[in-house]
Amino acid sequence: MHAPLVLKAGPVALRHIQQYGLQSDDVEVLVGASGGPKWFCLFGLDQYLAAEFFQGRQKPLQLLGSSAGAWRFGCYAQADPAAASRRFCDAYRTLCYAKDATIADITATSATVMDAVFPTTDHLQQVIDNPVFRLNFIVARSRKLNSGHGKAAQISALTLTAAANLVSRKTLGLFYQRYLFQHPLSATPAFTGEAAAFADVKDLPTQRISLTVDNLKPALLASGAIPLVIAPVRHIPGAGFGHFVDGGITDYHFDWPFSSKGLVLYPHFYPHLTPGWFDKSLRWRRAKAKNLQNVVLLCPSETWVKSLPFGKIPDRTDFSKMTDEVRIAYWLEVTERSLELAEALKTGNYLLEAL
């Protein structure tokens, strides 16, 4: 029988796992990518990792995500992470939009998912107060060129951004500023003398903002605000006013020096990493090998993916290509079958390969 799960490990991580296995306390960073409903295939892994694999952990674990990855990790950092993740999953996989839905309609409907993730202020406070699961995530702030009104102006600006990015990813800094929202103890480690988490990330202009109960929800909403689909968030406490949009624009799958101290565990829907949103069609632009030394990707195997309905994992095009009834049934089956990946990790029924 084919293994449903593949662990693709960078050279340092591969040697470590071959010698010691995969132990929860060896993980320093947990990473979650943008990708909308693609994450449904990872739901089972989220349930297992948050509620069992890391259960009882005492040492800090840095959570780093963008867009859907940020929303997932907003669940991990709650007092009952499995229940929060289940609320997120149930609210997201049953979303429906009218065929003539406007951006305002889609924005309002999407916000109901966040309300399900954080039903009370106490759930927000749990994230801020959690000393172990430390939430960090990305929001992109549009610079002047990408802050225009009107669909035509936005499309023109995005086209120009894509053209510049084709030449060099560094040009993204001309169009967007990366905002890294960080758990208070990650932004300013208390009494340790250590640098803030991810202090070595300097590839793009980065503004660091400490998370609070007041800014957590609007910042997470902004991290998932896909251009031309969901309206930008105009104000985030602590970050000021502006056009705050999808964190995947700058950091779609991330190309960061995550950690040199321990393993970087990365449940992912693909066996490769695409740095930014505008790199999706650039198959030659992938995360740098030097940034993957300690990384362990947890990916569904090709065989497992082909066994799903339609032979693929969910994606945003399902909204337009399928009826609501077909899409919801499909997403429901994928999320429930994702528990097979968790069982594979738990029992060691996976392939270990070099990344």
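## Basis

The model is predicted: local features need pLDDT of at least 70, side-chain atom pairs count only at pLDDT 80 or more, and totals for chains, interfaces and linings use all residues. Residues are numbered from 1 along each chain as its sequence is written, and side-chain values use heavy atoms, without hydrogens or water.

## Helix α5

Helix α5 spans residues 103-117, 15 residues in total. Helices here are DSSP runs of H or I with at least four residues, strands are E runs of at least two, and both are numbered from the N terminus. From first to last C-alpha, α5 reaches 22 Å, close to the 21 Å expected at 1.5 Å a residue (1.5 Å times one less than the number of residues).

I106, S110, V113, M114 and V117 of α5 are buried (under 20% relative accessible area, 1.4 Å probe, protein chains only). Down the axis of α5, its buried residues fall within an arc of 95°, so they line one face of the helix. The arc is taken from the directions between helix axis and C-beta atoms.

## Helix α3

Nine of the nine residues of α3 are buried, so this helix is largely enclosed by the rest of the structure. Among them are W71, R72, F73 and Y76.

## Largest pocket

α5 gives the most to the lining of the largest pocket, with three residues. Elements that each supply at least two include α3, β1 (5-9) and α12 (324-337).

How values were computed: Buried < 20%, exposed > 50% of the residue type's maximum accessible area, 1.4 Å probe, protein only.
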